[in-house]
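Hello,

Here is the structure for your files. My notes on helix packing, the nonpolar cores and strand pairing follow below it.

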Amino acid sequence: MNVDAPDMLDMSDAESRRQAYDLLGRQWRALIADERDPIANMAQFSALVFQCVPGLNWAGFYLLRGDSLVLGPFQGKVACTRIPLGRGVCGTCAATRQVQIVPDVHAYPGHIACDSASNAELVLPLVVDGHLVGVFDLDSPLHGRFDADDANGLSAMLATLVDGTAWSPPPSKPGR
């Protein structure tokens, strides 16, 4: 499958951002159309977002494993490998299942600094059939980089990921 994604979309204002996410969503649907594997789809999702969304220095997944999030497919610098639930922006998103938009990560209590160049963060829950599978995390060196338009556009794309992927049953907890 060949998807000709632009290197960077214009997201200079609110209307451009909404149009860019509409285009990115169409490209994502074309890219995922013939693939159902979770790892392949999460890897492609991370790559597409990292390539096309301006102002990012990291984009990727953390997957729920027991009582922590474990690094999954991503684009960017080497990252934190494990994040406890409820800790940092990713752990908070996982614990609450609510989108986290953080304009200044240095002002966020308990922020986990995997890359000191990151100044803003957006984390979205990845929920399949009512079960938390993980989170999708984006970091930016730009303060205030993320807003509700980013959250809405990426949430719609994540819904396509969830619907277009053959998710395995969640692993059983140790001792079962």
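The axes of helix α1 (residues 14-32) and helix α4 (residues 148-163) come within 9 Å of each other and cross at roughly 10°. With angles under 35 degrees counted as roughly parallel, that makes α1 roughly parallel to α4. Bear in mind that this is a predicted model.

On the α1 side, the contact is made by A14, R17, R18, Y21, L24, G25, W28, R29 and I32, which meet D149, D150, G153, L154, M157, T160 and L161 of α4. Sorted by class, this contact has 8 nonpolar, 3 polar and 5 charged residues.

The largest nonpolar core has 35 residues, and V49, F136, L138 and L161 have the most contacts inside it. At least two residues of this core come from each of α1, α2 (38-52), β1 (58-65), β5 (120-128), β6 (131-140) and α4. Leaving aside residues up to four places away in sequence, F136 touches F45, S46, V49, A59, G60, F61, L122, V123, L124, L154 and L158. There is also a second, separate core of 16 residues, with L69, A79, C93 and L132 among them.

On to the strands. Of the 10 residues of β6, 9 are buried, so this strand is largely enclosed by the rest of the structure. β6 pairs with β1 in the antiparallel sense over 6 bridges, and 9 bridges join it to β5, also antiparallel. D137 in β6 stands opposite G60 and opposite V123. The hairpin of β5 and β6 has 2 residues between the strands, and D129 there takes a positive phi near 50°.

Regards

Terms used. Residues are numbered from 1 along each chain as its sequence is written. This is a predicted model: local features need pLDDT of at least 70, side-chain atom pairs count only at pLDDT 80 or more; totals for chains, interfaces and linings use all residues. Side-chain values use heavy atoms; hydrogens and water are left out. Axes are lines fitted to C-alpha atoms, for helices over the stretch in contact, and angles run from 0 to 180 degrees between N-to-C directions. Helices (H or I, at least four residues) and strands (E, at least two) are DSSP runs, numbered from the N terminus. Angles under 35 degrees count as roughly parallel, over 145 as roughly antiparallel, 65 to 115 as roughly perpendicular and the rest as oblique. Contact means heavy atoms within 4.5 Å. Ala, Val, Leu, Ile, Met, Phe, Trp, Tyr, Cys and Pro count as nonpolar, Asp, Glu, Lys and Arg as charged, and the others, Gly among them, as polar. A nonpolar core is a set of buried Ala, Val, Leu, Ile, Met, Phe, Trp, Tyr and Cys residues joined through side-chain atoms within 4.5 Å. Buried means under 20% relative accessible area, exposed over 50%, partly exposed in between (1.4 Å probe, protein chains only). Two strands pair if DSSP finds at least two bridges between them.
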